Amino acid sequence: MSKNKEQSEKKKKKTDKNWISEDPGGKAVHFTAASAQTAGRIGGEGLATIGQAAPVLQVAAAAYDAYQIGRNVEKDKRKGTTRNTVKKVTTTVATYGLGIGGAVAGAAIGTAICPGVGTIVGTIVGGLSGGIGGGYGSGKAAEAVMDKVEYDTYPAVCATCGREFLCRKYHTEDEENCEDCQEE
């Protein structure tokens, strides 16, 4: 069979009406009409529920983050520092930013694999992965940078054992003893 005839055969619609999508390259995932209808009913109901819950969950997440920031402000005020608040704001911004970026990337990947369902799954998986990874990674990075620039820390000598240590005044009530001697 010639190459042109082969290509025209691929472009022809199948006579069987069970296929709802056609891909000239032959790389698409094909669904039968019945499976597409079932997925549509289930997905439609699920998406409607998610659509109704999403604004409530967004408000709850923002309120919780505001509460956490407020708690860190109070803690820093008691200790005469700002580090806890700066770290919490940094990780919150990174969590939301990387969560959104992860959702966009996941949607693109999911769409490339299986348009529709893949888009939804990719958005959820990408958003969660980006948000969790962004929060964790930014927390570690913030700690490392703030330690490097000695933000709300200072070198001290332990009153109990005499060793030098980095006093983290934002973290402890006992600024005279190292972490090992504080636990005793």
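Is E150 buried, exposed or partly exposed? E150 is partly exposed, because its relative accessible area is 47%, where buried means under 20%, exposed over 50% and partly exposed in between, with a 1.4 Å probe and protein chains only.

## Basis of the description

This is a predicted model, in which local features need pLDDT of at least 70 and side-chain atom pairs count only at pLDDT 80 or more, while totals for chains, interfaces and linings use all residues. Residues are numbered from 1 along each chain as its sequence is written, and side-chain values use heavy atoms, with hydrogens and water left out.

## The loop between α4 and β1

E150 lies in the loop between α4 and β1, helices being DSSP runs of H or I with at least four residues and strands being runs of E with at least two, numbered from the N terminus. Although E150 is not a glycine, it has a positive phi of about 55°.

D152 is also placed in the loop between α4 and β1, and D152, likewise not a glycine, has a positive phi of about 55°. D152 counts as buried, because its relative accessibility is 16%.

## Helices α3 and α4

The axes of helix α3 (residues 83–113) and helix α4 (residues 117–148) come within 5 Å and cross at roughly 150°, the axes being lines fitted to C-alpha atoms over the stretch in contact and the angles running from 0 to 180 degrees between N-to-C directions. The crossing angle therefore makes α3 roughly antiparallel to α4, given that angles over 145 degrees count as roughly antiparallel, under 35 as roughly parallel, 65 to 115 as roughly perpendicular and the rest as oblique.

The residues of the contact of α3 with α4 divide into seven nonpolar, 20 polar and four charged; Ala, Val, Leu, Ile, Met, Phe, Trp, Tyr, Cys and Pro count as nonpolar, Asp, Glu, Lys and Arg as charged, and the others, Gly among them, as polar.

## The aromatic pair

The structure holds one aromatic pair. Y64 and Y67 form this pair, which is tilted, with 6.5 Å centre to centre and 35° between the planes; rings of Phe, Tyr and Trp (its six-membered ring) pair if their centres lie within 6.5 Å, and planes under 30 degrees apart count as stacked, over 60 as edge-to-face and the rest as tilted. Because Y64 and Y67 are three residues apart in helix α2 (residues 33–79), they are separated by about one helical turn.

## The hairpin

Strand β1 (residues 153–157) and strand β2 (residues 164–168) pair in the antiparallel sense over five bridges, where pairing requires that DSSP finds at least two bridges between two strands. The bridge partner of A156 in β2 is F165.
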